[in-house]
Amino acid sequence: AFLGKQEAAPREYAYGFRDRMDEVYDMSRSVRDKQYRYIRNYMPHRIYGQYLEYLWRAPSMPSWEQAYKAGELNETQSAFWKSKPYEELYDVNADPHNIHNLANDPAYRDVLQKMQKANHNYILETHDAGFMPESEMIAREGDSTIYAYVHSKDYALERILSAAEMATEGDAANLPELIKMMSDDDAVVRYWAATGCVILKKAAMPAKAELSNLANDANVAVRIATAEALYQLGDKPTAISILKKALSDSNTMARTHALNVIRLMGEDARPLLSTIKEMPDEAGPQDYDIRARNAVVLKLEK
């Protein structure tokens, strides 16, 4: 409250987040004080400008995308169509459009560490549920609520957050630890281990044997992340097999997750086209898998 009897001192930070937008997955957290804005990207391997059916109804989006593909944009204008750094830091007073990323500037190391800590602590303080894949949220809430679950002792957020932070750095030096995490008792830790290999791309090749074992994991989100990692390492048949099975999973968000990966495979996803087109058409309050399916079909049948 900033007026009246309940007025309190201003907070030091304002926090923000980005998660799934309709049928498309992304994940970021942000912290802002009076001068700086810090963003931590937990899906740095995804571009900012992922195709989203609803957003693309605005003429500005396809126009912007076409200009990028035609090579008509400068570096700043093109950034939206590229993958992200895992950290961003901006001086919002000197740089109100947040163009100049200071995260790797040694002169701002103290500021960066301060904002990193603020982000980390807030995630733990709020029991941030977003570090679970949505299919896992649905599975774990059961007959209760996800709020109740993340406030229980069963939600090992400190360990999960540590795994997520390491995985999303994109540092090949972390690969031995990622391999260890692939055998963790918590499926969400295993999910982040596989996601770390996705982010590392070819640099994850030393983990291919362990990823092949993870392809048979009991958890669907782990298998889908593993499929994407194996696809990037050249094992297309295993990736296709995992994703095809996920398309018939009873969990709506597992199907949506799988289709997000399939959409990025381009022509390599064509063997899945008939299975995708056979997915049921009944739209409900959570029809995100249908929207994701339509985007894949549109891309492959252009």
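**Exercise 1.** Work out the strand order and the pairing of the open sheet of four strands.

*Solution.* Start with the order: the open sheet of four strands reads S1-S2-S3-S4, and its pairing is antiparallel. Here strands are DSSP runs of E with at least two residues, helices are runs of H or I with at least four, and both are numbered from the N terminus. Two strands pair if DSSP finds at least two bridges between them. Next, look at the edges: S1 (14-18) and S4 (87-91) each have a single partner strand, so one side of each lacks a neighbour in the sheet.

A word on the model: it is predicted, with local features needing pLDDT of at least 70 and side-chain atom pairs counting only at pLDDT 80 or more, while totals for chains, interfaces and linings use all residues. Residues are numbered from 1 along each chain as its sequence is written, and side-chain values use heavy atoms, leaving out hydrogens and water.

**Exercise 2.** Find how many bridges join S2 to S3, and name the partner of serine 30 in S3.

*Solution.* Strand S2 (residues 28-32) runs antiparallel to strand S3 (residues 36-41), and five bridges join them. Now pick out serine 30: its bridge partner in S3 is isoleucine 39.

**Exercise 3.** Describe how helix H12 packs with helix H14.

*Solution.* First, the geometry: H12 (residues 252-263) and H14 (residues 288-300) pack at about 20 degrees, with axes 8 Å apart. Axes are lines fitted to C-alpha atoms, for helices over the stretch in contact (heavy atoms within 4.5 Å), and angles run from 0 to 180 degrees between N-to-C directions.
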